[in-house]
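Open your viewer and get the selection tool ready.

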Amino acid sequence: QSDPLCLALLGDLLVTSYFLGYEEVTVLDRIESLARKAVALDPRCQHAQLLMAMIYFARLQKEKFLEAAKKALRLNPNNAGFSAALAMHLWMAGERKQGMELMASAMDLNPQHPGWYHILPLLHSYKHFDYETALSKALDFNSQGVYLDPLFRAAVYGKLGAHEKATKAAKELLDIFPDFNSTGKNILKRFFLLDEDVEMLWEGLMAVITSEVN
């Protein structure tokens, strides 16, 4: 018999790769199959319920995502990593207040949290035109090898008029994703359910990226 945790962990690896742009949309069918098998084997496996929430998010099914997210969180609200992941996706789905509060709770649960927990304070500051704070959070994000790291720095430095630093960050981004100027918007749509958020970052990036490409 399959182990639900192993199925969920494999699905988590695949869905993370999808969100980061390393897998095609066709992988979602496999991820959903893994999630459903894992949940059927053990409905109380938080990894499995979290994966179910992620597949709904990836398929842009907001209401199903919200329901699955609540179910996953109820299983263990003290799991900082799961709380942070759900917080991030709640914010991306437009549930701003709930996402920010849950991320703050995750930070409290794990004071030695990884840099990606800063993604929501970063985006909140950026969205409210507080680019100095956004820069501080972009530096705290500090997730080398993940395209979001140079993306955020390029966008914020661009808004602050720090051209040299912005173009350096854009070069790092293009080293990871050479065709980001043509494919990046679709990749961003995997993270954000609201077009306004995609446009918010895209507008901040394009002048910098175009300058670097040319």
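The tour below starts with a pair of helices and then visits some salt bridges.

**Before you start.** The model is predicted, so local features need pLDDT of at least 70 and side-chain atom pairs count only at pLDDT 80 or more, while totals for chains, interfaces and linings use all residues. Residues are numbered from 1 along each chain as its sequence is written, and side-chain values use heavy atoms, with hydrogens and water left out.

**Stop 1: two helices.** Select residues 27-41, helix H2, and residues 46-58, helix H3. (Helices are DSSP runs of H or I with at least four residues, numbered from the N terminus.) Their axes come within 9 Å and cross at roughly 150°; axes are lines fitted to C-alpha atoms over the stretch in contact, and angles run from 0 to 180 degrees between N-to-C directions. H2 is therefore roughly antiparallel to H3, a label for angles over 145 degrees.

Now show side chains. On H2, the residues meeting H3 include Leu28, Ile31, Leu34 and Val39; on H3, the partners include Leu51, Met52, Ile55 and Tyr56. Contact here means heavy atoms within 4.5 Å. By class, this contact has 12 nonpolar, one polar and two charged residues. (Ala, Val, Leu, Ile, Met, Phe, Trp, Tyr, Cys and Pro count as nonpolar, Asp, Glu, Lys and Arg as charged, and the others, Gly among them, as polar.)

**Stop 2: Lys62 and Glu95.** Select both side chains and you will find a salt bridge at 3.2 Å, N to O. (The rule asks for a side-chain nitrogen of Lys or Arg within 4 Å of a carboxyl oxygen of Asp or Glu.) Lys62 lies in helix H4 and Glu95 in the loop between H5 and H6, so the pair ties together parts 33 residues apart in sequence. Lys62 is partly exposed at 29% relative accessibility, and Glu95 is partly exposed at 25%. (Buried is under 20% relative accessible area, exposed over 50%, partly exposed in between, with a 1.4 Å probe and protein chains only.)

**Stop 3: helix H12.** Which lysine does Glu203 meet in a salt bridge? Select Lys159: the pair sits at 2.7 Å, N to O. Glu203 lies in H12 and Lys159 in H9, so the bridge ties together parts 44 residues apart in sequence. Glu203 is exposed at 51%, whereas Lys159 is partly exposed at 30%.

**Last stop.** Select Asp29, Glu32, Arg36 and Arg59, which salt bridges with shared partners join into one network. By the same rule, the count comes to 14 salt bridges.

Terms used. Parallel < 35°, antiparallel > 145°, perpendicular 65-115°, else oblique.
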